[in-house]
Amino acid sequence: MIRLPFRDTFYEVKPSKIICLGRNYAEHARELGHEIPEEPVIFLKPPSALIGPGQTIILPRRSNRVDHEVELAVIIGKRGKNIPREKAMDYILGYTILMDITARDLQWEAKKKGLPWTVAKGFDTFAPIGPRVVDKREINVDDLEIGLKVNGEVRQLSRTSKMIFKIDEIIEYVSGIMTLEPGDIIATGTPEGVGPLRHGDVVEAWIEGIGVLKEEVLAERSILC
């Protein structure tokens, strides 16, 4: 169970699904050699990938390159289907940080074969979240600094205003496909600067007004030895 500070109490993170956006920052799309999408590109991560602040990202043995991606995450507050964008904000509980950890080599291999990205995105510990949930009424997420550093070196630094598809558009699009349930998480995409994580790294992701999410990184083989 992951419990994050929320208002003057705690919030239990128990999503039925984690919906993620790919290529929602133009420079990130370009750095991976992709065109700018005309509509949101979405994929799912399993809730079993979630870990909380101060835990450990495990690098799986079957991957030779695991990348970091910092993202603004939306926590859904009430059930909704076919939500129009003008009402989208009514369905939000709050915001937090999510790292979309990705086995990049497995993702590249899947893309070449025309296969889904599920394996590359779905390993245990591949969705760190935290350090808290900020009530939607307490923060304006339209233009916040978003960044990530590894061992004190800044790797990603941008602003949420550079998202191609804004939160109301994303909720309208996603809810037109699947019903959003209370507690569901929408990760809104990562800016440019993604890069590999290695055994022993300390990774820190931050978003202005939300805080810093800090995790250690260990190789799976080192744990099994």
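Student: Leaving aside its neighbours within four places in sequence, which residues is isoleucine 170 in contact with?

Tutor: This is a predicted model, and in it isoleucine 170 is in contact with Leu21, Asn24, Phe165, Ile186 and Thr188. Contact here means heavy atoms within 4.5 Å. The place of isoleucine 170 is in helix α4, residues 167-175.

Student: Why is isoleucine 170 called buried?

Tutor: Buried means under 20% relative accessible area. Isoleucine 170 has 1% relative accessibility, so it counts as buried.

Student: Let's zoom out. What makes the chain as compact as a globular protein of its length?

Tutor: The chain has 5 helices and 17 strands. Its radius of gyration is 16 Å, close to the 17 Å that the globule rule gives for 225 residues, so the chain is as compact as a globular protein of that length. Buried residues make up 53% of the chain. Take the contacts with a separation of 6 or more: 78% of them come from residues 24 or more positions apart.

Student: Back to single residues. Why is serine 63 called buried?

Tutor: The cut-off is under 20%, and serine 63 has a relative accessible area of 8%, so it is buried. You'll find serine 63 in the loop between β6 (56-59) and β7 (66-68).

Student: How do you know that the side chains of serine 63 and aspartate 105 make a polar contact?

Tutor: For a polar contact, a pair of N or O atoms has to be within 3.5 Å, and one must be able to donate a hydrogen and the other to accept it. The contact joining these two side chains is 2.7 Å. Beyond its neighbours within four places in sequence, serine 63 also touches Ala103 and Leu106.

Student: What makes threonine 102 buried?

Tutor: Threonine 102 has a relative accessible area of 0%, so it is buried. Its place is strand β10, residues 102-103. The side chain of threonine 102 has a polar contact of 2.8 Å with that of lysine 121. Residues in contact with threonine 102 include Arg65, Val66, Gln107 and Phe126.

Student: And threonine 125: why is that one called buried?

Tutor: With a relative accessible area of 11%, threonine 125 falls under the cut-off, so it is buried. It lies in the loop between α3 and β11.

Student: Is the peptide bond between glycine 130 and proline 131 cis or trans?

Tutor: It's cis, with omega at about 5°. Most peptide bonds are trans. Proline 131 belongs to strand β11, residues 127-135.

Notes:
Residues numbered from 1 in each chain as written. Predicted model: local features only at pLDDT ≥ 70, side-chain atom pairs only at ≥ 80, totals over all residues. Heavy atoms only, no water. Helix = DSSP H or I, 4+ residues; strand = E, 2+ residues; numbered from the N terminus. Rg over C-alpha atoms; globule rule 2.2 N^0.38 Å. Buried < 20%, exposed > 50% of the residue type's maximum accessible area, 1.4 Å probe, protein only.
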